[in-house]
Structure formats: C-alpha cells, structure tokens
Amino acid sequence: MISGTRYRLTAEIHRQADLAREIARAQMEISTGKKILAPSDDPIGAARVAEIDQVQANSEAWARNVETAAALAARADTTLTAAESAMIAAKELMLRAASGTLSDDNRATIAAELNGIAEDVAALIDSRDSRGALLFSRGSALEIPVNAGVRVAPVDSRAAIFEGIATSGGPVDLVTIITDSAAAVVDPDPVAREAASRASLEALDAGTNHIIAARGEQGVRASRLDNIRERLNQSDLQMEEQRVGIESTDVVEVVARLEAKRLTLQAAQAVFARVNQNTLFDLLR
C-alpha cells in the first residue's frame with residue numbers, strides 16, 4: 001500500500017512539474033512573441049523561418065544597393081540639368097555674337113564667357129559621387145547588383161552622354177562644341193566667322209538635344225530603380241507576413257492556455273497537499 005501511495009505521489013509530482021514547464025513555456029512565448037523557441041518545436045516551420053531569414057538578409061543587401069544606385073541616378077540628373085542649362089546659356093551667347101554690330105571687345109567678352117561655360121561643363125563631366133569615384137565612368141557604365149541575377153547601371157558612361165555628338169563637322173564632345181563656338185566668335189575674318197558661328201549654333205543645338213535625350217534616359221533609369229525598390233519592399237512585406245504566420249505567438253490563445261494551466265496546477269497542488277497530509281497522518285497513526 002505504501003509503495004502504491006509513493007507511486008501515485010511520484011506520478012502526481014511529475015504531472016505538476018509538467019504543468020509548471022508548460023506554464024513557463026507559455027510565459028516565454030508571450031514574452032518573446034514567438035511560438036517556435038527551438039527547431040525541435042516545429043522542424044518544418046523552423047526550416048521555413050531560416051529560409052525567410054536568408055531571403056530577408058539578401059533583400060536587405062539588395063535594398064542598400066538600390067539606395068546607392070538611386071543616389072547616383074539623382075546626382076546624375078542634377079548634373080545633366082546643369083549641363084543642359086549651360087548649353088542653353090552658350091547658345092544665347094552665340095545668338096548675341098551673331099549680331100553684326102558687336103565690337104571686337106564685345107566678341108572677346110562673349111568668347112571668354114563661352115570658354116568659362118566650357119570649363120564649367122568639363123567640371124560637371126568630372127563630377128564625383130559620395131565615394132569619391134567618377135560619377136560618369138570613363139569606361140563602361142557602372143553596374144550595381146539589385147537582385148538575384150539583376151544588375152542596373154544607374155548612370156550612363158561619360159562617352160555615351162558627353163561624347164560622340166553628331167555635328168556637320170563630325171562627331172565631337174560637348175566641351176569641344178562650346179570651345180569651338182568661342183573660337184568662332186573671335187575669328188578675325190568676317191566671312192569665316194559667320195560660317196563658323198552658323199556651324200557652332202547648329203552644333204550647340206545638337207549638343208543641347210543630346211543632353212536633353214540623356215536626361216530623359218536618366219529619368220527612365222531612376223524610374224526603374226523606383227520600381228525595383230517597390231518590388232523589394234513588397235517582397236519583404238510578404239516574407240515578414242509569412243514569418244509572423246509561422247513563428248509568432250497568438251497571444252490571446254496562449255494567455256487562455258496559460259490561465260487554464262495555472263488553474264489546473266493550483267488545483268492539483270491543493271489536492272496534493274491535502275492528500276499528502278492525510279497520507280502522512282495515516283502512516284503516523
């Protein structure tokens with residue numbers, strides 16, 4: 001009889017210990033907000049969470065690259081806007097210089113202004129990004145990875161934007177167009193000056209149109225980066241929703257389970273204390 005009683009007491013102690021562990025587990029789920037505290041809790045769910053972790057880590061890296069690319073694209077757009085304004089100013093000076101009433105000093109002043117614009121444009125072409133690297137690369141356009149197997153060039157190359165501009169005199173670069181205009185203004189031969197100025201005006205138009213087209217293409221690049229950023233954000237939200245569905249605690253359900261376990265344990269402890277007391281009393285008698 002005593003052995004049977006001891007067996008029941010031991011079994012009851014184990015049951016109450018299990019209840020205590022279940023209560024502690026529920027409290028941990030509530031405090032951490034997670035129902036998967038170890039891979040053994042849900043091997044399949046834990047494996048999926050690990051996959052989501054990797055996807056989100058990759059997505060975070062892609063997102064940083066997209067922000068870098070977007071910053072380069074924005075800087076390039078600002079620079080091209082300045083270059084377009086410089087070309088418009090150069091054409092206005094050439095139109096003034098076309099007037100036959102200007103003196104040599106006036107033309108010399110306009111030529112100096114044109115050369116100053118050429119220097120400004122040259123400085124724009126040599127613009128650098130926040131890392132100190134050339135914004136417009138001398139070789140191929142810089143490509144930045146923004147997703148698995150996807151690379152984007154946020155800024156076109158220097159050659160594509162500022163060189164190879166088609167004119168009546170052949171392909172030339174933007175700075176040469178402006179410096180040739182300055183030279184045309186001060187040509188001492190009136191006939192040659194008129195012909196050179198006319199050619200320069202056409203070249204300035206070609207250069208301006210070329211920069212306008214480059215700005216339009218730059219806008220397309222920026223728009224593509226915006227779309228990629230949006231897709232990454234949507235993917236991250238979807239991954240997070242999956243994670244929440246797999247590992248997050250249903251607080252209402254866990255609290256209800258916790259209270260039920262607590263009541264059960266309290267009742268078991270009360271009964272155990274009463275039964276154990278009676279058993280010892282009986283043994284003493």
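Reader: Which residues does Leu 114 touch, if neighbours up to four places away in sequence are not counted?

Author: This is a predicted model, and in it Leu 114 touches Ala 90, Leu 93, Met 94, Ile 178, Ser 181, Ala 182 and Val 185, with residues up to four places away in sequence left aside.

Reader: Which residues touch the most other members of the largest nonpolar core?

Author: The largest nonpolar core has 43 residues, and those touching the most other members are Leu 114, Phe 136, Phe 162 and Ile 178. At least two residues of this core come from each of α2 (43-97), α3, β1, α4, α5 (174-185) and α6 (190-247), and the element that gives the most is α2, with 13 residues.

Reader: How should I read a pair of aromatic rings, and how many aromatic pairs does the structure hold?

Author: In general, a pair of aromatic rings is described by the distance of the centres and the angle of the planes. The structure holds 1 aromatic pair. The ring centres of Phe 136 and Phe 162 lie 5.0 Å apart and their planes stand at 85 degrees, so the pair is edge-to-face, given that planes over 60 degrees apart count as edge-to-face.

Reader: Where in the chain do Phe 136 and Phe 162 sit, and are they buried or exposed?

Author: The pair links distant parts of the chain, since Phe 136 belongs to the loop between α3 (104-125) and β1 (144-147), whereas Phe 162 belongs to helix α4 (residues 158-162), 26 residues apart. Both Phe 136 and Phe 162 are buried.

Reader: In what order do the elements run from the N terminus on, and what share of the contacts joins residues at least 24 apart?

Author: The chain has 7 helices and 2 strands, and from the N terminus on the elements follow the order α-α-α-β-β-α-α-α-α. Among contacts between residues at least 6 apart in sequence, 73% join residues at least 24 apart. Of the 285 residues in the chain, 32% are buried, while the accessible surface comes to about 16,400 Å², with 56% of that area belonging to carbon and sulfur atoms.

Reader: Which residues lie nearest the centre of the second largest pocket, and which element supplies the largest share of its lining?

Author: The second largest pocket, with a volume of about 210 Å³, is lined by 14 residues, and nearest its centre lie Ala 97, Ala 98, Arg 193, Glu 194 and Ser 197. While α5 and α6 each supply at least two residues of this lining, the largest share, 6 residues, comes from α6.

How values were computed: Residues numbered from 1 in each chain as written. Predicted model: local features only at pLDDT ≥ 70, side-chain atom pairs only at ≥ 80, totals over all residues. Heavy atoms only, no water. Phe/Tyr/Trp six-rings, centres within 6.5 Å; stacked < 30°, edge-to-face > 60°. Helix = DSSP H or I, 4+ residues; strand = E, 2+ residues; numbered from the N terminus. Buried < 20%, exposed > 50% of the residue type's maximum accessible area, 1.4 Å probe, protein only. Core = buried A, V, L, I, M, F, W, Y, C linked by side-chain atoms within 4.5 Å. Contact = heavy atoms within 4.5 Å. Areas by Shrake-Rupley, 256 points an atom, 1.4 Å probe, with all protein chains shown as cover. 1 Å grid on protein atoms, 1.4 Å probe; cavity = no way out; pocket = protein on both sides within 12 Å on 5 of 7 lines; lining within 4 Å. Points joined across faces, edges and corners; volume = space filled by probe spheres on them.
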